[in-house]
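Subject: Structure for your review

Dear colleague,

Please find below the sequence and structure that I am handing over to you.

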Amino acid sequence: MAQSLELLLIQFLMPDNDARRQAEEQIKRLAKDPQVVPALIQHLRTAKTPNVRQLAAVLLRKKITGHWAKLPPQTKQLVKDSLIESITLEHSPPVRRASANVVSVVAKYAVPVGEWPDLLNFLFQCSQSSQEDHREVALILFSSLTETIGNTFRPHFADLQALLLKCLQDETSSRVRIAALKAVGSFLEFTNDGDEVVKFREFIPSILNVSRQCLASGEEDVAVLAFEIFDELIESPAPLLGESIKSIVQFSLEVCSSQNLEPNTRHQAIQIISWLAKYKSNSLKKYKLANPILQVMCPLLAQSTDGDEDDDLAPDRAAAEVIDTMALNLPKLVFPPVLEFASISCQNTNPKYREASVTALGVISEGCSLLMKDRLEPVLHVVLMALRDAEQVVRGAASFALGQFAEHLQPEITSQYQSVLPCILNALEDASDEVKEKSYYALAAFCDNMGEEILPFLDPLMNKLLSALQSSSRNLQETCMSAIGSVATAAEQAFMPFAERVLELMKAFMVLTRDDDLRSRARATELVGIVAMTVGKAGVEPILAPYIEAAISGFGLDYSELREYTHGFFSNMAEILGDEFVKYLPHVVPLAFSSCNLDDGSAVDIDDSDEENMGAVGGVSSDDEAHDEPRVRNISIRTGVLDEKAAATQALGLFALHTKSAYAPYLEESLRIMIKHSAYFHEDVRLQAVIGLKHILTAAQAVFQSHNDGPAKAKELLGTVMNIYVKAMNEDDDKEVVAQVCTDIADIVKECRYAAVEPYMPQIVDSTLQLLQEQSACQQIESDNEDDEDDAEHDEILMDAVSDLLPAFAKAMGSHFAPIFAKLFDALMKFSKASRPPQDRTMVVATLAEVAQNMGAPISAYVDRVMPLVIKELLSSEATNRRNAAFCVGELCKNGGEPTLRFYGDILRGLYPLFGESEPDDAVRDNAAGAIARMIMVHPEAIPLNQVLPVFLKVLPLKEDHEESLAVYGCVCTLVLSSNPQIIASVPDLVRVFAEVAISPDETPEVKAHIGRAFSHLLSLYGQQMQPILSNLSTAHANALASLSPRS
């Protein structure tokens, strides 16, 4: 075989394709015989030309796996000896590397069973050889063997690390240093133990040194290995970067700033900065690296890219991603330098810098929203000036930034509508379609959060939108539809004059069938649903038939986005029509079922090369053929199907909610889908499923009312839902899903009798405690362990939902909630620490207030611990904090008994500023009045009424928070009816307040009845003496007051 094989190897390397093909066929036949192994070994050792020796090694690597177990021991020994000989004596580097690849394959099978005990010693000897070739090939082997027999190295890890560090610092050979760099990357991928990974910290200076040398010599493909190593180090939860993070950042910034390097190299450098911002933001803060990073990233936003360059590698796009990530994680360090960059660059003569100035502000608007809201004037100055720029790219970026502001800077940005909306309207006339489109996007986002403020602009807005809708490109028409939807939502009933025309125009869009037009059809379907919500049932029901028909027919077209938007359209119709939607259920529910049951479309492509296909050798090089295992080439999720499933799941829940008992035929299948989707892989679908479960529960309770076994079925369904919810609280990794579950549980606890939910309370309470301790699955994000745990951020929406569970429990259980509250109290109070942000502290205070209100007397045990915190919050710079604190002190005083008395003086001093002109917020003042009222009601003797009442009455009537009315006016009326001398002295003020309450549309009949009784009492005390006071009232006020008192 050996002689014939040699001729075939030579023939295989010929340029003649026919000869090559014949050789390939014959080699394939010979390779089925185990004797091919010693034959190939012979040619590896003795062939005269390096190409033949290399090809022998390549074929050996591919064929030895199938034959190794069948080889006799002497042949196995021959293979091992020959490979060692080739590695140490072979002069040709490609042959040496090909032999090293065969060693990797053989070692995979030989080492674990003890058939190659001296391999490791050989490699250590090689790595310390005086010959550069030996050191290099040993390191190459260490790299490849890590993937196949890595566990064998574990006892020698310390020696290997020392060896790698020494080779990284090899002063005589760049090839050895590069091989060591690759080996470090391989070992890091294999190493999971945190203590072992930490030891790589001392490698960082040498890694940077080798990478710099590679860049200097033009070996960028090797230099980027450093970034792959840093990537592994950054993602490790171990605190292993330390001060070396400074040199990593400096090197990365050097690389991404260098315009003579390849786009991919620069992109990888920027990506490292992005990962650091995401995973090690506290270290960037600790070592003061945020500003140096931004000094490089902001100017990168202005770097032009060649037209044929990959957009994903464009430096401006990558820099924007870094700035966005930093803004989300380090807003206080990001906003000042970015605003400074924008303020300077907006005046630059280079339009790319002017574009960058507004792009930067748009990018940080989500992460830096709180800071930007406080500095909206200079921010808007830059953007509105850019909206009038002579250059199209600058105007487009400004329009995009305004759209971002409209999404993230609410409600403050909407209050600037008088300056912003005219600028957007002007931009809609721009000569550039791109600027127009972005301006319509900004308009849609801006109007999305407006209310009646939009009315003065309604006519010019709709005229432009309707005109553009009939004369623009499809893309622009779609953006216009989105904007019209936002305007309709904001204008409400004022939109009625435009509704008929919009609906008429949408008819043409809803029957489009060309593939290119289906996105427009989807947007039109969505818009009809939004306008219908504005018009209401009476206006839409008579004209609905053609729209329903067109929407259903759209399911015959293979376009997932159209089906997604159509499910949303039917959801709106169910909400508008209520019981009248029942007739459509047989048509629309099966469509939603169909979407919910679609194949997910997850696809994994395996590159499983045919071992028998000699063409896979691809020439003679074996360097990129180092793996035997199939490779995962691509994982893709059809996101369109995912969005469709989420919309269909939402629709089923809303159909059930709005048709209730009529939904009975679809209940079982809908429940099956909700249960299945509550464990779906993507959070958007899980979110809709947990919402839908609550709606299914509501419908089922209506359905089961007419069943003999209804109570038992309702109990079983409640158990199913609650078990899913508790599991989600503990195990779901998405904060929004868990927040929704907490909200739904709170609603169920409030709506059902406590006896119904009692069996699940121990689990719910344990899960609530875990969430308050920030130990649930959704709270286990990788963080930089080098920093104080109190610095760790959490999701405000999640914790608000979690904390809302406590008042719900208290309301359902009353004083019986006390033992559960005792279990949760310490975990809740952790959020009140001074190191926590203001929104955390006010969350705690609001929770304490509602628990005190609903639990009652047992709150007295906590007064000494919580009252100092609440009094301190009265002085907060945040209005929400002051408002909640005022409400809380009132409820604590009302329910906390004797322990509260010693705090009365401090409370009165804390509340006093809230009654003055320096308090800008009416709701804060109303809650302060409520607190005083509650204090007077429980301990009037502890209040200096002669000092307090004049201040108290001066701020009445209540302006905003009418939930305080019963407490405030109940207190006033009680004092009047008891003829308290301190309040009787204030009759003119009382009459003024009573008259305002009497005429107010915001006050309840119960409150007005109280006022009527107190006013009657005053009339009985003073009779005609009241006349001068009453004569000062307007006729409307006097009549309203008189109507409350039969004695007037």
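The notes below go through several individual residues and their surroundings.

Please bear in mind throughout that this is a predicted model.

I begin with Lys660. This residue sits in the loop that joins helix H35 (639-659) to helix H36 (667-677). Its relative accessibility is 37%, so Lys660 is classed as partly exposed, given that the partly exposed class falls between the buried limit of under 20% and the exposed limit of over 50%. Leaving aside residues up to four places away in sequence, Lys660 is in contact with Phe655, Thr698, Ala699, Ala702 and Val703. Gln701 is 41 residues from Lys660 in sequence, yet their C-alpha atoms are 8.4 Å apart in space. The side chain of Lys660 also places a polar atom 2.8 Å from the backbone oxygen of Leu657.

One runs from Gln410 to Pro411, with omega near 0°; Pro411 belongs to the loop between helix H24 (392-408) and helix H25 (417-427). Another runs from Leu956 to Pro957, with omega near 5°. Here Pro957 is located in the loop between helix H49 (945-954) and helix H50 (965-977).

Glu492 is not a glycine, but its phi is positive, at about 55°. It is part of the loop linking helix H28 (474-491) and helix H29 (496-509). Because its relative accessibility is 54%, Glu492 counts as exposed. Glu774, likewise not a glycine, has a positive phi of about 60°, and its loop connects helix H41 (761-772) with helix H42 (796-813). Is Glu774 buried or exposed? With a relative accessibility of 18%, Glu774 counts as buried, because the limit for that class is under 20%.

Yours sincerely

Technical notes. Residues are numbered from 1 along each chain as its sequence is written. This is a predicted model: local features need pLDDT of at least 70, side-chain atom pairs count only at pLDDT 80 or more; totals for chains, interfaces and linings use all residues. Side-chain values use heavy atoms; hydrogens and water are left out. Helices (H or I, at least four residues) and strands (E, at least two) are DSSP runs, numbered from the N terminus. Buried means under 20% relative accessible area, exposed over 50%, partly exposed in between (1.4 Å probe, protein chains only). Contact means heavy atoms within 4.5 Å. A polar contact is a pair of N or O atoms within 3.5 Å; within protein, one must be able to donate a hydrogen and the other to accept it, and residues adjacent in sequence count only if both atoms are side-chain atoms.
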